[in-house]
Amino acid sequence: MSVGFLMLCHTALDRAAQVARHWAERGCPVVIHLDRRVAARSHARLATALADLGNIRFCERHACEWGTWGVVGATLSAATVLLRDFPGVRHVYLASGACLPLRPVAELQAYLEARPQTDFIESVTTEDVGWAVGGLDLERFTLHFPFSWRRNRRLFDRYVALQRRLGLRRRIPEGLEPHLGSQWWCLTRRTLEAILQDPQRPALDHYFRKVWIPDECYFQTLVRRHSRQVDSRSLTLAKFDFQGKPHIFYDDHLQLLRRSDCFVARKIWPQAGKLYRSFLREDASDAARAEPNPGKIDRLFSKAVERRTKGRAGLYMQSRHPNFGWENGRTAAAYSVFEGFAELFENFAPWLGKVAGTRVHGHLFAPDRVQFAGGEPVYDGGLSSSAALRDYNPQAFLTSLIWNTRGERQCFQFGPDDRQDIAGFFAADPNAQVSVISGAWAVPLFRSSRPVAEIRKHAAWLQKVESGHLTMLRASWVKARVRVWSLAEFIESPMEPLQTLMDEISPRALRRLTEAPRLVDLTGFDQFLHGLRNEGMKPVLIGDYPARGEAAIARRRQPLLASGS
């Protein structure tokens, strides 16, 4: 006899009985602690189910609420019974009712017999702990915790805040260096007896009763006082998610559990019949196993946590959507937003679609309807051209469009006449390429036949909207790739910015533009701007257009006309 087991049980007692029987029938004594809150009839049924085994005991029952002393008290009571009734035990293994042995008992016995003085327990100082949540690493040893974190969370938080504000501190017992670690350990008989018989134990127990989550620090700290050799790791595979909740293993984790080479795993789903059948067989191992190394599967758990918290890039689902900032990228792929280009160039969308090799949308956020490429009423993924449906959740609309068309770059027009709610979203999106010709909204007004007073009023409103939009695009939090030209600046040399934009949209092509879109006829545009000024509206976002003159514009327009013909 070399190893005995302590089992802390409170649910799925039929599965706990299976595991206890498995260990006991292979010569390992087992002491079971049953949570005091479990009904007496359930305790009686469990005792009856295991009554035929002479090396199974039950100990004094404690109420084991998470984060409180009851878990440590239960462990101490079970350990006392095991060491008293089974003198042949050389190592004591702490497990729970949700644990499952992954390797034959003989392998565990041989492993421990080869290391007779080694205590396997994760035990690290508070400075080295990276998983403590909420700032309560060293503070769990220096503050008082009279309230249950689970049942009285508000009182718990308020009392912690009060102690911090008043500077209240508990004195750590002299000679005690706090350590933290996993609750699940395997200690030598010598070390465990030394902890139970420590002359200062009454004072130490009194101190740890008011420590937060003492089951993660009581044995982890005291083992440093009495152990001859500590191997700071657990032989039990126990993984926790980003919220500190244990991962639950199901039937489809069978191969994953085998790869870990650990001796025990928790937490096993009670209905995982395949796991229990596979690992509780007599011949569960057919070959020699390697050193227990749960780190071999850490990469898979890290990926699982990332998928749970961040998900796939640009895809929203219920588990993440309510949590702002949890998304893994706002959209699934790169896309381009063109502001002012369709107003300045004739048939800009067909030209862009031809040279970029993609479909180009009109104004997706126009007030009246969604202008999908080709005038489609329904687009990929069942997206409707209805403005009402789009405006119900503009961010979800754009995100869905990019997700449904991933693999094909999406380009669309935007301007001050469009719904502006979406602007902040794509401005903060690293996937967005935003190109703006400021003041281009004046070109459609110039070409319209509306009354001057109405044009002036509308131009003033458009300039105000675009001015606010440009201010936002220049903010420090913007992550989109933003380029802004004034109308006058862009007309002066249009080919260079167009080439730059095409290189970004189709980086693999790296070809020079051989044809350019046709500029609209701007003859008389300077007089139009002059008229706006005379009416009391100063078009500042257009740039120094009048200073350049019609002759300069004509010289720049002629090559575009020739190359576009």
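The chain has a radius of gyration of 36 Å. A compact globule of 565 residues would have a value near 24 Å. The model is predicted. Its C-alpha trace spans about 105 × 60 × 45 Å along the principal axes.

**The chain as a whole**

The chain holds 23 helices and 21 strands. Of its 565 residues, 51% are buried. Among contacts between residues at least 6 apart in sequence, 75% join residues at least 24 apart.

**Two helix pairs**

Two packed helices are described by the angle between their axes and the distance between the axes. The table gives both values for two pairs.

| Helix pair | Crossing angle | Axis distance |
|---|---|---|
| α8 (residues 201-208) and α9 (residues 218-226) | roughly 150° | within 11 Å |
| α14 (residues 348-356) and α21 (residues 495-505) | about 50° | 10 Å |

Start with α8 and α9. How do these two helices run relative to each other? Their axes cross at roughly 150°, and an angle over 145 degrees counts as roughly antiparallel. The helices α8 and α9 are therefore roughly antiparallel to each other. Their crossing is right-handed. On the α8 side, the contact is made by R201, L204, D205 and F208. On the α9 side, Y218, T221, L222 and R225 take part. By class, the residues of this contact are 4 nonpolar, 1 polar and 3 charged.

Now take α14 and α21. Their axes lie 10 Å apart, at an angle of about 50°. The crossing of α14 and α21 is right-handed. Helix α14 brings W351, L352, V355 and A356 to the contact. Helix α21 brings L498, M502 and I505. Which classes of residue make up this contact? It has 7 nonpolar residues, with no polar and no charged ones.

**A residue in α2**

Helix α2 covers residues 40-49, and R45 is found there. Is R45 buried or exposed? Its relative accessible area is 54%, and the cut-off for exposed is over 50%. R45 is therefore exposed. In sequence, R45 and D14 are 31 residues apart. In space, the C-alpha atoms of R45 and D14 are 9.3 Å apart.

Methods:
Residues are numbered from 1 along each chain as its sequence is written. This is a predicted model: local features need pLDDT of at least 70, side-chain atom pairs count only at pLDDT 80 or more; totals for chains, interfaces and linings use all residues. Side-chain values use heavy atoms; hydrogens and water are left out. Axes are lines fitted to C-alpha atoms, for helices over the stretch in contact, and angles run from 0 to 180 degrees between N-to-C directions. Helices (H or I, at least four residues) and strands (E, at least two) are DSSP runs, numbered from the N terminus. Angles under 35 degrees count as roughly parallel, over 145 as roughly antiparallel, 65 to 115 as roughly perpendicular and the rest as oblique. A crossing is left-handed if the near helix is turned anticlockwise from the far one by less than a right angle, and right-handed if clockwise. Contact means heavy atoms within 4.5 Å. Ala, Val, Leu, Ile, Met, Phe, Trp, Tyr, Cys and Pro count as nonpolar, Asp, Glu, Lys and Arg as charged, and the others, Gly among them, as polar. The radius of gyration is taken over C-alpha atoms; the globule rule is 2.2 Å times the number of residues to the power 0.38. Buried means under 20% relative accessible area, exposed over 50%, partly exposed in between (1.4 Å probe, protein chains only).
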